[in-house]
Amino acid sequence: MDSVVQARPASLDATSDPPTLFDGTTRLYTSYICPFAQRVWITRNIKGLQEKIKLVPLDLGNRPAWYKEKVYPENKVPALEHNGKIIGESLDLIKYLDNTFEGPSLYPEDHAKREFGEELLNYTDTFVKTMFVALKGDPSKETAPVLDYLENALHKFDDGPFFIGLLSLVDIAYITFIDMFQVILNEIYKCDITAERPKLSAWVEEMNKIDAFAETKIDPKEIVEIFKKKYMVLILSDPSMVEAIMPLGYGYLGVNVCCFGSISVLGMIVASGPDANRALVNGKEALRGIKNRTKPPGMDMKYE
Ligand SMILES: N[C@@H](CCC(=O)N[C@@H](CS)C(=O)NCC(=O)O)C(=O)O
């Protein structure tokens with residue numbers, strides 16, 4: 001499917017002025033590293049709304065204060081400024097775009113398809129949560145039930161390679177996360193989520209042919225970097241490194257001396273960015289893993 005490929009506008013940060021808010025322009029506040037916001041960006045592209053809906057990318061790590069104060073008190077992306085209102089939540093927004101704007105319809109009329117589509121849209125939260133939790137445990141095992149659920153779902157309609165036959169909002173809701181998890185699991189855990197899932201594998205291949213999605217892709221290197229920052233345990237052998245790292249804006253949880261065989265290491269949990277709190281919680285669990293002398297996931301990926 002062709003779409004108008006646009007250059008990506010630069011992200012606005014804490015030093016940037018706000019746009020002239022509520023001047024009648026329809027704006028999609030987004031981030032190039034957010035799979036929720038990416039859903040709405042793809043929908044806008046597939047519907048050919050590049051000229052109607054202006055992208056306003058934000059630097060989430062250094063967000064402008066005006067965004068929370070004047071645009072979206074939730075301070076999250078995505079948000080859509082339309083007709084003097086701000087609307088949030090990615091799943092609501094992709095439906096809103098589909099129902100409110102012109103362009104190809106992304107949800108079929110057929111009752112059975114709508115019903116199954118709704119079930120699948122409702123399942124996205126479970127899917128995303130389970131995948132994130134699995135990254136802290138044994139991903140190859142713990143991701144299997146939700147990935148198998150999708151593999152089975154892809155068998156339901158056979159009039160196309162997509163979830164409810166033809167391309168729909170359901171595919172858009174999943175692809176941004178599947179793409180992200182595919183990178184993380186491949187690169188870090190050497191685990192191929194499409195192996196022995198022929199329907200899922202064919203679906204990913206079809207999705208990758210869609211320019212409207214391809215042009216929104218998050219750089220795989222960036223995905224891996226973000227993931228490492230949020231989830232990885234830093235193993236430092238020298239306490240002075242703590243001081244070196246603190247000014248870089250990392251949160252610091254604690255230091256523990258623990259043993260792997262005969263090697264003593266100093267385990268330190270660090271986290272940065274808007275998800276620091278979550279990272280610290282994940283980090284605590286990993287640290288417990290170190291104490292118990294079981295190798296936590298990502299342990300091979302030490303930064304020193
Ligand atoms: N349920 C929301 C989730 C949006 C969300 O969590 N966005 C993240 C970026 S991927 C965000 O803005 N985080 C900033 C924060 O939590 O402060 C949706 O589906 O739109």
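I began with Lys141, which is exposed at 61% relative accessibility (exposed means over 50% relative accessible area, buried under 20% and partly exposed in between, with a 1.4 Å probe and protein chains only). Lys141 belongs to helix H5, residues 139-142 (helices are DSSP runs of H or I with at least four residues, numbered from the N terminus). From the C-alpha of Lys141 to that of Thr126, 15 residues apart along the chain, I noted 16 Å.

The model is predicted, so local features need pLDDT of at least 70 and side-chain atom pairs count only at pLDDT 80 or more, while totals for chains, interfaces and linings use all residues. Residues are numbered from 1 along each chain as its sequence is written, and side-chain values use heavy atoms, with hydrogens and water left out.

Next I looked up the aromatic rings. I found 12 aromatic pairs (rings of Phe, Tyr and Trp, the last by its six-membered ring, pair if their centres lie within 6.5 Å; planes under 30 degrees apart are stacked, over 60 edge-to-face, the rest tilted). One of them joins Tyr67 and Tyr72 edge-to-face, with 6.5 Å centre to centre and 70° between the planes. Both Tyr67 and Tyr72 are buried. One aromatic cluster includes Phe36, Phe127 and Trp203.

I then checked for charges over rings (NZ of Lys or CZ of Arg within 6 Å of the ring centre and within 35 degrees of the ring normal). Lys156 has its charged end over the ring of Phe116, 4.8 Å from the centre. Lys113 does likewise over Phe157, at 5.4 Å.

I counted 0 disulfides (pairs of cysteine sulfur atoms within 2.5 Å). Cys34 is buried at 7% relative accessible area, and Cys191 is buried at 13%.

Notes
Helices (H or I, at least four residues) and strands (E, at least two) are DSSP runs, numbered from the N terminus.
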